[in-house]
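Hello,

Here is the structure I promised to pass on. Please open it and keep it beside this email while you read.

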Amino acid sequence: MTEPETTGLRVERDARTGVAVVTLDRPRRHNALTPETAAELAWLWKTFRGDDTVRAVVLTGAGERAFCTGIDRAAEVPQPSSPYSIEDPLLAVGPKANDLWKPVIAAVNGMACGGAFYLIGECEFVIAAEHATFFDPHTTYGMVSAYEAIAMAQRMPFGEVARMSLMGTAERVSARRAYEIGLVSEVVAGGDVVAAAVRAAVTVASFPTEAVQGTVRAVWSAKEAARTQAMAHAPHLIALGNADAARQAELFAGRGRGDSFRVR
């Protein structure tokens with residue numbers, strides 16, 4: 001398998017503990033993903049499948065402002081002319097989409113929004129910094145939240161994911177509220193979030209890896225059928241409900257820097 005050109009990822013492996021730390025490394029762009037970064041992530045998850053020195057993974061974002069804000073708005077993603085097809089570079093961005101059943105722990109250290117849920121939705125659990133926030137801007141900008149909402153519906157109560165998906169940029173879910181509803185398993189001081197995730201990963205990596213991977217697979221199987229069925233509807237809902245590209249761009253350009261929002 002040919003290694004893609006590095007496009008915004010940093011990977012640190014500790015052969016002694018068996019833990020790899022994967023950092024989305026585009027802090028000036030809030031660690032937004034380009035199609036190239038998405039392809040690199042997919043390659044990395046596949047590489048970890050066969051790397052016996054990696055038994056657990058921590059996924060985080062560089063800096064303190066953002067974990068990830070989804071697809072980079074500046075990225076070109078040409079769409080097929082057929083209404084039955086959609087080109088989404090984030091569909092294969094997560095570990096489970098690449099058949100990786102080694103545990104992945106998300107260390108969220110700022111904003112996590114939109115396409116970030118493709119990643120969070122495929123991690124085993126989330127540790128968040130006190131200042132972390134979660135929100136889904138799709139509806140604000142004339143887009144259907146489909147894959148993101150479905151991913152979060154596996155981790156949050158129905159009313160909470162519905163509210164987050166529908167309120168767009170008007171609200172952000174605080175780390176504390178995310179903990180209360182079960183999206184986040186632990187809240188720590190901002191500077192400690194990666195260290196806390198690494199501590200958990202080191203513990204898990206110290207156990208027999210066959211048992212760990214089997215447990216990961218078992219937990220995911222509990223909701224896999226419902227998730228798969230829901231995901232099958234997503235491209236049709238997006239095709240029907242998304243505003244055209246020009247209208248999306250107009251709505252996005254009209255946003256105000258520093259617009260007020262409610263944190264709950």
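Start with strands β3 and β5 (residues 104-108), which run parallel and are joined by four bridges. Look for Val-57, which stands opposite Val-104 in β5. Bear in mind that this is a predicted model.

Now turn to the other neighbour of β3. Strand β2 (residues 19-24) is parallel to β3, and six bridges join the two. Here Val-21 has Val-58 of β3 as its bridge partner. Val-21 also has Glu-12 standing opposite.

Is β3 mostly covered or mostly open? It spans residues 56-61, and six of its six residues are buried. Both faces are covered. Ala-56, Val-58 and Thr-60 lie on one side. Val-57, Leu-59 and Gly-61 lie on the other.

Next, find helix α1. With β2 and β3 it makes a right-handed β-α-β unit.

Then look at the nonpolar cores. In soluble globular proteins, nonpolar side chains tend to be buried together. The largest core here has 51 residues. Val-108, Ile-120 and Phe-134 have the most contacts inside it. Helix α1 (residues 35-49) gives the most to this core, with six residues. A second, separate core has 14 residues, including Val-58, Ile-105, Ala-197 and Ala-201.

Why does Asp-136 count as buried? Because its relative accessibility is 0%, and buried means under 20%. Which side chains make polar contacts with the side chain of Asp-136? One is that of His-138, at 2.6 Å. Another is that of Ser-145, at 2.5 Å. Leaving out residues up to four places away in sequence, Asp-136 touches several others, among them Gly-114, Phe-117, Glu-148 and Met-164.

Best wishes

How values were computed:
Residues numbered from 1 in each chain as written. Predicted model: local features only at pLDDT ≥ 70, side-chain atom pairs only at ≥ 80, totals over all residues. Heavy atoms only, no water. Core = buried A, V, L, I, M, F, W, Y, C linked by side-chain atoms within 4.5 Å. Buried < 20%, exposed > 50% of the residue type's maximum accessible area, 1.4 Å probe, protein only. Pairing = 2+ DSSP bridges. Right-handed = clockwise from strand over helix to strand, strands pointing away. Polar contact = N/O pair within 3.5 Å; in protein donor to acceptor, adjacent residues only side chain to side chain. Contact = heavy atoms within 4.5 Å.
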